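Subject: Structure handover

Hello,

Here are the sequence and the structure for you to open side by side. My notes on what was found follow below.

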Amino acid sequence: MPAQSGGFFESYVKELSFFEVLKTDINCQVTMVSVISRVLDSINVLEKLRELCKDQVDYIVVKNLFHGEEEKFERYNDASLRQNMLAEGLVELVMPDLFYKSYDFIDRHALTFNEGQTHQGTNIVIKSRIKSWLTEFEAQIKPAFNLLGFDIQPDDCYYPAVVEKSKELRENEEKEKAKNQDANLTSENIAA
């Protein structure tokens with residue numbers, strides 16, 4: 001969730017009995033994924049999440065190696081919170097670092113990692129780095145496949161439709177941007 005959305009989420013969970021409704025009405029179990037850095041705030045946010053959700057959800061903590069090697073997450077590694085959650089079934093994963101230029105390319109063009117490999121502006125170096133990163137990350141998340149729902153086939157009609165609609169919207173946005181850039185260039189040439 002976006003930063004500063006914790007209060008909204010807490011109200012939402014309490015007002016709607018969110019976890020109870022999901023479990024009883026649609027037989028759905030929630031997994032909370034916390035991507036952490038090496039700062040103390042990561043532990044504080046995780047602790048607040050656990051206080052709110054208690055044992056109503058499963059937990060995954062992802063150490064984002066952009067912030068340093070796994071053993072450098074000392075605040076988190078040494079926290080009693082971590083030890084307690086591990087005893088209760090916490091799954092920990094590692095997200096490898098991706099070279100900043102490849103990440104910036106994906107971010108600049110608002111792409112998924114898979115789209116970053118096939119985008120018209122992707123060069124061989126970016127493509128290779130993204131492919132390597134994806135392979136490593138997929139291997140890292142295998143222990144959590146069941147909690148993330150990757151062991152279940154998506155609904156045949158819903159998921160592909162969402163993917164296709166997202167792709168269509170992104171393509172339309174890119175066409176609109178290109179059209180606006182062309183119009184701006186034409187206006188500048190006329191003014192010159």
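**Overview**

The protein has 10 helices and three strands; both kinds of element are DSSP runs, numbered from the N terminus, with helices being H or I of at least four residues and strands E of at least two. From the N terminus on, their order is α-α-β-α-β-α-α-β-α-α-α-α-α.

This is a predicted model, in which local features need pLDDT of at least 70 and side-chain atom pairs count only at pLDDT 80 or more, while totals for chains, interfaces and linings use all residues. Residues are numbered from 1 along each chain as its sequence is written, and side-chain values use heavy atoms, with hydrogens and water left out.

Of the 192 residues in the protein, 29% are buried. Here buried means under 20% relative accessible area, exposed over 50%, and partly exposed in between, with a 1.4 Å probe and protein chains only. Among contacts (heavy atoms within 4.5 Å) with a separation of 6 or more, 64% are between residues 24 or more positions apart.

**Helix H3 and what follows it**

H3 covers residues 40-53. Its 14 residues should span 20 Å at 1.5 Å a residue, and its end C-alpha atoms are 20 Å apart, so the two agree; the expected span is 1.5 Å times one less than the number of residues. The buried residues of H3 are Ser42, Ile43, Leu46, Leu49, Arg50, Leu52 and Cys53. As background, an α-helix has 3.6 residues a turn, so residues three or four places apart point the same way.

Not counting residues up to four places away in sequence, Leu49 touches Met32, Ser34, Lys54 and Tyr59. Tyr59 is 10 residues from Leu49 along the chain, and their C-alpha atoms are separated by 9.7 Å.

Ser34, one of the residues that Leu49 touches, lies in strand S1. Ser34 counts as buried because its relative accessibility is 12%. Leaving aside neighbours within four places in sequence, Ser34 is in contact with Leu46, Leu49, Ile60, Val61 and Val62.

Lys54 is found in the loop between H3 and S2. Its phi is near 50°, a positive value in a residue other than glycine. Lys54 counts as exposed, because its relative accessibility is 53%.

**The nonpolar cores**

A nonpolar core is a set of buried Ala, Val, Leu, Ile, Met, Phe, Trp, Tyr and Cys residues joined through side-chain atoms within 4.5 Å. The largest one has 23 residues, and those with the most contacts inside it are Phe9, Phe19, Met32, Cys53, Val57, Tyr59 and Tyr76. At least two residues of this core come from each of helix H1 (6-16), helix H2 (18-26), strand S1 (30-36), H3, strand S2 (57-64) and helix H5 (80-87). H3 gives the most to this core, with five residues. Apart from this core lies another, of 16 residues, among them Leu93, Met95, Leu98 and Ile126.

Tyr76 touches Ile36, Ile43, Leu46, Val61, Lys63, Arg82, Leu90 and Glu92, not counting residues up to four places away in sequence.

Asn64 lies in strand S2. With a relative accessibility of 15%, Asn64 counts as buried. Beyond neighbours within four places in sequence, Asn64 is in contact with Val35, Ile36, Phe73 and Met95.

How do the axes of helix H6 and helix H8 cross? The axes of H6 (residues 100-108) and H8 (residues 124-140) come within 9 Å and cross at roughly 95°. That makes H6 roughly perpendicular to H8. Axes are lines fitted to C-alpha atoms, for helices over the stretch in contact, and angles run from 0 to 180 degrees between N-to-C directions. Angles of 65 to 115 degrees count as roughly perpendicular, under 35 as roughly parallel, over 145 as roughly antiparallel and the rest as oblique.

In this pair, Ser102, Phe105 and Ile106 in H6 meet Ile126, Arg129 and Ile130 in H8.

Ala110 lies in the loop between H6 and helix H7 (113-118). Phi of Ala110 is near 50°, a positive value in a residue other than glycine. At 48% relative accessibility, Ala110 counts as partly exposed.

Regards
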